[in-house]
Amino acid sequence: MNPVYPLRTVNQLRPLLVGFRKANGLTQKEISERLGVTQQTYARLEANPGRASIERLFRVFTVLGIEMVLSSGPSSSLVRLEGNSGKQDASPARREKW
């Protein structure tokens, strides 16, 4: 089973994107090349993903191997991001050094 990372606010998205990128061993430049954009364009998206369109985020999710799952129930408005790295350790966001 893939690890699941609940996403409840847009502020949680940046550290998760950075964490998934690093967990996949990718640089911003490598991701930008796969997306067909400049490194600066990707850096802006990663710095402020809340301003990106959902279409652009989905393109990034695809490159990073992330699946987005919408859920309802006790944790209403819960979005889960699932990585396919096979590692079930701490959240990629927690590995991000500030």
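Trainee: How should I read the packing of α1 and α3, whose axes come within 8 Å and cross at what angle?

Mentor: Two packed helices are described by the angle between their axes together with the distance between the axes. In this predicted model, the axes of α1 and α3 cross at roughly 130 degrees and come within 8 Å. The two helices, α1 and α3, are therefore oblique to each other.

Trainee: Which residues of α1 and α3 make the contact?

Mentor: From α1 the contact draws on R14, L17, V18 and R21, while α3 supplies Y42, L45, E46 and A47. Sorted by class, this contact of α1 with α3 has 5 nonpolar and 3 charged residues, and no polar ones.

Trainee: How many of the residues of α1 are buried?

Mentor: Helix α1, residues 13-23, is mostly covered, with 8 of its 11 residues buried; among them are L17, V18 and R21, which also take part in the contact with α3. After α1 comes G25, which has a positive phi near 70 degrees.

Trainee: Where do the buried residues of α2 lie around the axis, and which are they?

Mentor: Within α2, residues 28-35, the buried positions are Q28, I31, S32 and L35. They lie on the same side of α2, because they cover an arc of only 100 degrees around the axis. The face turned away from this buried side carries E33 and R34, which are exposed.

Trainee: What covers the buried residues of α2?

Mentor: The cover includes α1, α3 (39-47) and α4 (54-64). Just after α2, G36 adopts a positive phi of about 80 degrees.

Notes: Residues are numbered from 1 along each chain as its sequence is written. This is a predicted model: local features need pLDDT of at least 70, side-chain atom pairs count only at pLDDT 80 or more; totals for chains, interfaces and linings use all residues. Side-chain values use heavy atoms; hydrogens and water are left out. Buried means under 20% relative accessible area, exposed over 50%, partly exposed in between (1.4 Å probe, protein chains only). Helices (H or I, at least four residues) and strands (E, at least two) are DSSP runs, numbered from the N terminus. The arc is that of the directions from the helix axis to the C-beta atoms. Contact means heavy atoms within 4.5 Å. Axes are lines fitted to C-alpha atoms, for helices over the stretch in contact, and angles run from 0 to 180 degrees between N-to-C directions. Angles under 35 degrees count as roughly parallel, over 145 as roughly antiparallel, 65 to 115 as roughly perpendicular and the rest as oblique. Ala, Val, Leu, Ile, Met, Phe, Trp, Tyr, Cys and Pro count as nonpolar, Asp, Glu, Lys and Arg as charged, and the others, Gly among them, as polar.
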